[in-house]
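Please look over the structure first, then read on.

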Amino acid sequence: MSGRAPVRLMSTSARLALAVTVSFLLAFALLGAGVYYAVSTLLTADAREVVRADAAGLADIHRGAGRAGLIAELRGRLAAPDDPDAVYALVDRDGRAIVGSAPPLSVPRSAAPRWIVFRDGTDGGTRVIARLSPLGDGETLLTGLRTRSQDGFLAMMLRTALIALLVAAALGALIGWLTARWVSRRLQSLDLTAARVGAGELALRARLDGSDDAFDRLAHRFNAMLDRIEDLLGGVRHATDHIAHDLRTPLTRLRNRLDQLREREAPAPELDAAIAETDQLLQSFGALLRLARIEAQPPLRDAPAVDLQALVRDVLELYAPSAAERRIALRDATGPASVRGDADQLFQLLVNLVDNAVKFAPADSEVELALSASGAEVRLEVRDRGPGIPAADRERVLDRFVRLETQRSSPGTGLGLSLVRAIVLRHEGRIELLDAAPGLRVCIALPRA
Amino acid sequence: MRILLVEDDPHTAGFIAKGLKEDGHAVDHADNGKDGLFLATTEPYDAIVLDRMLPQLDGMTLLKTLRGAGNRVPTLLLTALGDVEQRVEGLRAGADDYLVKPFAYAELSARLDGLARRGTAASAEPTRLRVEDLELDLLKRSASRDGKAIELQPREYRLLEYLMRQAGRVVTRTMLLEAVWDYHFDPQTNVIDVHISRLRQKIDHGFAAPLLHTVRGAGYRLGS
């Protein structure tokens, strides 16, 4: 129980850390994409400006020196380029290149210049931004620019961004993991304290580190709450103890007086009955005090191992004569099993269970005690063939002073099963009442020693 | 017997003193620890009934002081709390027995008798116990009455041995539980009585004079 909670806690903060890291990376990627788009648009616009100016210059030559002058200029530029990235071509009306080389072009019929982008096949596919300017006689001038340096720049930017992203991701994951670990460690100490206090160690408090951060304040408030709970519980327990104790003293006095009276007077059945009633009351108060004390004790962890099988056999022996009187067979179905705990309390637990079973079992029937150890658990089962307990009442009968209508006539304090449960809980076990059809099956699981 | 009672609560002290006097004991009463220690060290007593919580000097300190000085008077410690730890602590401090308040007078009386006997008869461990014609051989672990062997279960043997060691005295159910069963627990019903009646069947059946008597309101007694 206490082992599972911190794991869940860890995964909660780990999930949180993961979510933070992922959203951080997403934001970074979005920003990167935006910058990339803006820069590449800017670079394209720059390239177009260069091409536009170049094309305007060539158009001037065409206007001034005519078609031949233009061809001579283009040939000259292609033979000894000022700019190695400049691309020129003159294309006839059928799309064939007269000067330079051009990609297969859909023949431009429109009179307005337009922009195209293509990959330059001769040079490993460099992107070329080009302007097509119709020259009026069906021929088209292509002025372009290889975007080698722009592409290089963009690629480098992308690479840098990717590396930065990877570093950021690693850093984010690391910081996230550390934060998660820190948070879970802070919470874990609080969680563990809460679990142990819940299990009965009421005096335990969460550790304060004096940093006065949110966790420290939470721990502080948590401790204040525990102080208050302990105060209240202590008050209630004190009151119960005092009531039981204070009533027990005059009751004992009463019993002693009745005893003295009995010694002096002739035997009177009323007197015997009164003494028996007083004894019954004293037994109830005694049981109540014992119950209160066991419930207030911290759970047993480092107690010595107790041979539960030996205890069961001693209880069976203790009850053998009582059972035999009603011809009830006590069946010993025990295997070796040990638990850590208080032998006297475990014996009391067994006594209460066997006492109930023998009390409610019909004559000539069988009461079985089974004990086995498997895995980390020791399982104890007491089964009788009596009237059993209706399903609706099985949880209720474990509470103080609850007695079923059918049991009203039989002796008992109504605290026997409450005491059993208190002892089981103190030994960090579980108790379950089941139907043995017919009869009652009490199943108890305790941690194995 | 001469008994010292150290108890500060006048009511409890009154009822114990009255009972002890009625039983034929001589009782000295001290209502605080200092007076109690003074009396215990200056007067010879057969037994001390000592309350744990006392003004001026508490019962445990008184007892340790007494035992430290070599005084071995059988002492019955009274306490309001019944925890096992407290009982162990009391016995370790030198108490011979321990009784939780509130108690029935019969319980106190029976335990005091047992203590006083333990004080005197501890010198030579006998090999054979005898109550009238009932015999218990401690070496062979066998019992017989009027020469006829009695078959006993191990627990019945322990029960009979305890009763015979306390022969003629009242033994309460709680004393039997503590001495014969090694657990401190609250018997829910009359389990002890059933064990006794089984034992009674074995030792008294077929004999004219019963040996194992029920003492109403207190417990059992073996022999007269």
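Which residues in H2(B) meet which residues in H3(B)? On the H2(B) side they are B:Gly33, B:Gly36, B:Leu37 and B:Ala40. Their partners in H3(B) are B:Gly59, B:Leu62, B:Thr65 and B:Leu66. Keep in mind that this is a predicted model.

**Helix pair in chain B**
- Helix H2 of chain B spans residues 33–42, and helix H3 of chain B spans residues 59–68.
- Their axes lie 10 Å apart, at an angle of about 20°.
- Angles under 35 degrees count as roughly parallel, so H2(B) is roughly parallel to H3(B).
- The crossing of H2(B) past H3(B) is right-handed.
- The contact of H2(B) with H3(B) is made by 4 nonpolar and 4 polar residues, with no charged ones.

**The annotated aspartate, B:Asp51**
- An unreviewed UniProt entry annotates B:Asp51 as "modified residue: 4-aspartylphosphate".
- B:Asp51 sits in strand S3 of chain B, which covers residues 47–51.
- Is B:Asp51 buried or exposed? B:Asp51 has 25 other C-beta atoms within 10 Å. The cut-off for buried is 20 or more, so B:Asp51 counts as buried.
- Setting aside neighbours within four places in sequence, B:Asp51 is in contact with B:Val6, B:Glu7, B:Asp8, B:Gly59 and B:Leu78.
- One of these contacts, B:Gly59, is also among the H3(B) residues that meet H2(B).

**Where chain A touches chain B**
- The contact involves 27 residues of chain A and 22 residues of chain B.

**Helix pair in chain A**
- H4(A) also packs with helix H7 of chain A, residues 416–426.
- The two axes come within 9 Å and cross at roughly 20°.
- That angle makes H4(A) roughly parallel to H7(A).
- H4(A) passes H7(A) in a left-handed crossing.
- From H4(A), the residues that meet H7(A) are A:Ala287, A:Arg290, A:Leu291, A:Ile294 and A:Glu295.
- From H7(A), the residues are A:Ser418, A:Leu419, A:Ala422, A:Ile423 and A:Arg426.
- This contact of H4(A) with H7(A) divides into 6 nonpolar, 1 polar and 3 charged residues.

Definitions and conventions
Residues are numbered from 1 along each chain as its sequence is written. Chains are lettered from A and ligands numbered from 1 in the order in which they are written. This is a predicted model: local features need pLDDT of at least 70, side-chain atom pairs count only at pLDDT 80 or more; totals for chains, interfaces and linings use all residues. UniProt positions are given in the numbering used here, feature names are shortened, and annotations may be inferred rather than shown by experiment. Helices (H or I, at least four residues) and strands (E, at least two) are DSSP runs, numbered from the N terminus. A residue is buried if 20 or more other C-beta atoms lie within 10 Å of its own, exposed if 12 or fewer, and partly exposed in between; C-beta atoms are placed from the backbone. Two residues are in contact if their C-beta atoms, placed from the backbone, lie within 7 Å. Axes are lines fitted to C-alpha atoms, for helices over the stretch in contact, and angles run from 0 to 180 degrees between N-to-C directions. Angles under 35 degrees count as roughly parallel, over 145 as roughly antiparallel, 65 to 115 as roughly perpendicular and the rest as oblique. A crossing is left-handed if the near helix is turned anticlockwise from the far one by less than a right angle, and right-handed if clockwise. Ala, Val, Leu, Ile, Met, Phe, Trp, Tyr, Cys and Pro count as nonpolar, Asp, Glu, Lys and Arg as charged, and the others, Gly among them, as polar.
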